[in-house]
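Trainee: Hi! Could you walk me through this one? I'd like to start with the backbone and then move on to the packing.

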Amino acid sequence: MKKTAGLIGLLSVSLFVISLIVFGSLHPKWNFLNNFISQLGAKGEPLALWWNLIGFVNVGLLLLLFGLYYGKVLKDKLAGILLSLFGLGFALTAIPTDELDSKSAVSKAHVVAICFALAFWLFGLARISSNGSNSAQIRYRANIAAVLLVSSMIGFAIGLWSMPLTHRLVFAVVFGWTAWTSFGLLRHSFQK
């Protein structure tokens with residue numbers, strides 16, 4: 001079970017990173033430092049359908065599976081459900097935003113999917129860190145990831161850095177935690 005969860009987690013991270021590099025490189029106007037990742041799948045963008053299917057839907061479905069398996073590894077059904085809902089929310093970010101109309105129904109639905117995903121991810125981390133039957137290492141990873149995610153958002157809110165940087169930090173924290181946790185699962189380095 002640990003190996004399966006770890007492999008699925010690493011596959012989700014790898015697919016996301018490779019997709020981002022490939023689709024970002026193929027997009028004529030997209031900049032890795034300044035543009036939002038969602039712009040790769042925005043209405044009217046070249047290869048938007050493919051980005052949304054591979055970069056959001058497929059990665060989201062892998063994250064959903066990772067959540068289910070990780071919950072089984074932890075013997076914590078609620079944590080598994082919460083992390084799976086994060087994966088579902090991530091898959092739903094494939095609803096293409098409309099760059100010309102941020103108030104359109106699709107743009108609002110895209111933002112709601114992002115908020116839905118991040119909320120369930122944080123709820124999942126809270127469940128993991130509050131479950132005393134998890135090892136200190138597992139709870140530590142969850143706590144560090146939650147603090148980093150919230151800190152990146154607070155940094156933007158108080159004007160320390162830009163939204164594009166916050167955007168990158170959020171993705172780095174989410175996929176960094178998934179990779180860190182997946183490597184731990186594969187190494188069997190934690191105790192339940």
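Trainee: Where is L47 found?

Mentor: L47 is found in the loop that sits between helix 1 and helix 2. Bear in mind that this is a predicted model.

Trainee: What is the phi of L47 near?

Mentor: Phi of L47 is near 65 degrees, which is a positive value in a residue other than glycine.

Trainee: Okay, switching to rings. How many aromatic pairs does a search of the whole structure find?

Mentor: The search finds 20 aromatic pairs. Take F16 and F90: their ring centres are 6.0 Å apart and their planes stand at 75 degrees, so this pair is edge-to-face.

Trainee: Why is 75 degrees called edge-to-face?

Mentor: Because planes over 60 degrees apart count as edge-to-face, and the F16 and F90 planes are at 75 degrees.

Trainee: Which parts does the F16 and F90 pair tie together?

Mentor: F16 lies in helix 1 (residues 2–26) and F90 in helix 3, so the pair ties together parts that are 74 residues apart in sequence. F16 is buried at 4% relative accessible area, and F90 is buried too, at 6%.

Trainee: What about the rings of Y70 and W177?

Mentor: Their centres are 6.0 Å apart with the planes at 75 degrees, so that pair is edge-to-face. Y70 lies in helix 2 (residues 48–74) and W177 in helix 6, so the parts tied together are 107 residues apart in sequence. Both Y70 and W177 are buried.

Trainee: Which residues do ring pairs link into a cluster?

Mentor: The cluster takes in F16, F23, W51, F56, F66, Y70, F86, F90, W121, F171, F175 and W177.

Trainee: Nice. Which charged end sits over the ring of W180?

Mentor: That would be R141, whose charged end is 6.0 Å from the centre of the W180 ring. There is also K72, which lies over the face of Y69 at 5.7 Å from the ring centre.

Trainee: Now the core. How many residues does the largest nonpolar core have?

Mentor: It has 44 residues, and those with the most contacts inside it are F16, Y70, F90, W121, I128, F175 and W177. Helices 1, 2, 3, 4, 5 and 6 each supply at least two residues of this core.

Trainee: Which helix gives the most to this core?

Mentor: Helix 2 does, with 9 residues.

Trainee: How do the lining residues of the largest pocket divide into nonpolar, polar and charged?

Mentor: The lining divides into 16 nonpolar, 9 polar and 2 charged residues.

Trainee: And which helices each supply at least two residues of that lining?

Mentor: Those are helix 3 (77–92), helix 4 (105–130), helix 5 (136–157) and helix 6 (163–187).

Note on methods:
Residues numbered from 1 in each chain as written. Predicted model: local features only at pLDDT ≥ 70, side-chain atom pairs only at ≥ 80, totals over all residues. Heavy atoms only, no water. Helix = DSSP H or I, 4+ residues; strand = E, 2+ residues; numbered from the N terminus. Nonpolar A, V, L, I, M, F, W, Y, C, P; charged D, E, K, R; others polar. Phe/Tyr/Trp six-rings, centres within 6.5 Å; stacked < 30°, edge-to-face > 60°. Buried < 20%, exposed > 50% of the residue type's maximum accessible area, 1.4 Å probe, protein only. Lys NZ or Arg CZ within 6 Å of the ring centre and 35° of its normal. Core = buried A, V, L, I, M, F, W, Y, C linked by side-chain atoms within 4.5 Å.
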